[in-house]
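Please read the points below alongside the sequence and the model. They are set out in the order in which a colleague might check them.

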Amino acid sequence: NARIAGLDTDLKLTSSDYQWLLTIFYISYIVFEWFALMWKVVPPHMWAAFCVMGWGVTATLQAATYSWSGMMAARFFLGFFEAGYGPGIPFLLSFFYLRHEIGLRSGIFLSAAPLATCFAGALAYGITSDSTPVIANWRLLFLVEGLPCIVAAVATWFLMPDSPEKASFLTEEEKSVARARALRQVGSAEAHRVGGINFTDLGAALLDLKNYFTALMYFSCNVSFSSLPVFLPTILSEMGFTKLTAQGLSAPPYFLAFLLVIATTYIADRTQQRGIMIMTLSLVAAIGYILLATTSSTGPRYAGVYLAAAGVFPSIGNILPWVTNNQGSDTKRGAGIAMLNIIGQCGPLLGTRVFPDSTKPYFRKGMWVCAGFMLFNGLLALGLRTLLAWENRKLDKKYGLVDRTKIEPGAGDENDGPRFRYVL
């Protein structure tokens, strides 16, 4: 949106310069992905406030840049602060919610991505419609994105609870229920959830094949996820729409994606069938990209945009809770999230570079790459689901079938032990 609003013109950016502005963000994002484990070490309200404040200040300062090098520095620090915040939220939510509840809660958080992109398109439409702005439209876009985050960081420090027991808005009875839920979740480990890392579990997570399945799935989705929001306004502009209309038309597909992230994570929670959901969504996204790659008329291509957005965003919304569902301790869950992002966030390094200006107006090369990766994502989901079903059969043979109506003292349903089973 900032590019269409005049960023590349004012800063005299070439196509390669713009590609590097996208790439540098993901380089720092990948390097600092291990920050996801900080949610288990530092009190969450402090860590969240630090990350959100840093992001807000950096995003705001983008409006004050006058060179490519200045914007590169700002984008690097955006990745630094976002690496500490976004990837760790599904891990933090696992401290509060049970495994058949975590998907929807993660989905609500992750649905903010397409919703924010939707509003960014609508906001950009409103800002760029002013033909005589006091300051450059792209600078105003960055101010509007950054300043509210600074306010949110201050509120986070005072309002965000570190655990259900410390939530000021819960009654004593509700806190007792929360403690009982935590015991059901992780058993006797409930008292040590925040404050340190179990390095034995960390090593086990690094050797767990399942973490590499989900990391490669996230990589595949991120090839498509990273490129679609960045290039959609440009793609729409190349369909023949004016720059102003392209900004407006980029919003509706993301609103559909927002609704589907919430709906699909809820369904997967209720059925405990996350793999089948991801396979279905991957196929929907692939069909959308194939339409974009093979057609030239505006109608089918815009329909392809809807299908791509409707498949990519909800797929990611279901992959992240699948990681927390299937790791048998808090340290393993945190390590799984970190591995998911360290490997998975390499996807945007490819995704943001497969839409060069030389492939205008249809960007067919990029569309075929994204379609291929979404089909690969579906195959990975099938492979992981098959592996998990086999692991469950081994656990049933070793411990017998689990009676969920009974609670065993000291044993949790979501930590390694006789009651732990994988979510398919």
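The numbered points below go from the overall fold to the core, the surface and the charged pairs.

1. Basis of the note. This is a predicted model, in which local features need pLDDT of at least 70 and side-chain atom pairs count only at pLDDT 80 or more, while totals for chains, interfaces and linings use all residues. Residues are numbered from 1 along each chain as its sequence is written, and side-chain values use heavy atoms, with hydrogens and water left out.

2. Overall make-up. The protein has 19 helices and 0 strands, these being DSSP runs numbered from the N terminus (helices H or I of at least four residues, strands E of at least two). Of its 424 residues, 54% count as buried, where buried means under 20% relative accessible area, exposed over 50% and partly exposed in between (1.4 Å probe, protein chains only). Among contacts with a separation of 6 or more, 81% come from residues 24 or more positions apart, a contact being heavy atoms within 4.5 Å.

3. Nonpolar cores. The largest nonpolar core has 73 residues, and those with the most contacts inside it include Trp 39, Met 217, Trp 322 and Met 374; such a core is a set of buried Ala, Val, Leu, Ile, Met, Phe, Trp, Tyr and Cys residues joined through side-chain atoms within 4.5 Å. Apart from this core lies another, of 10 residues, among them Leu 7, Leu 21, Ala 63 and Phe 142. Leaving aside neighbours within four places in sequence, the contacts of Met 374 include Ser 220, Cys 221, Ala 285, Tyr 289 and Val 312.

4. Helix H16. The 28 residues of helix H16 (residues 298-325) should span 40 Å at 1.5 Å a residue, and the end C-alpha atoms are 41 Å apart, which agrees; the expected span is 1.5 Å times one less than the number of residues. In H16, 22 of the 28 residues are buried. Arg 301 is found in this helix and counts as buried because its relative accessibility is 1%. Arg 301 and Tyr 362 are 61 residues apart in sequence, yet 9.3 Å apart in space, C-alpha to C-alpha.

5. Surface patch. Met 46, Val 154, Trp 157, Phe 158 and Leu 159 form a nonpolar patch with about 560 Å² of accessible area together. Patches are made of residues with over 30% relative accessible area and no salt bridge, like charges being joined within 9 Å and nonpolar side chains (Val, Leu, Ile, Met, Phe, Trp, Tyr) within 5 Å, and the areas come from the Shrake-Rupley method with a 1.4 Å probe, only the protein chains shown counting as cover for residues. Helix H9 (residues 137-159) gives the most to the patch, with 4 residues. Trp 157 is partly exposed, at a relative accessible area of 41%.

6. Salt bridges. The structure holds 6 salt bridges, each a side-chain nitrogen of Lys or Arg within 4 Å of a carboxyl oxygen of Asp or Glu. Glu 391 forms one with Lys 210, the closest N and O atoms being 3.8 Å apart. Because Glu 391 lies in helix H19 (residues 364-399) and Lys 210 in helix H12 (residues 209-238), this pair ties together parts that are 181 residues apart in sequence. Lys 210 is buried, with a relative accessible area of 8%, and salt bridges that share partners join Asp 208, Lys 210 and Glu 391 into one network. Asp 269 forms a salt bridge with Arg 274, at 2.5 Å between the closest N and O atoms, and both residues are buried.
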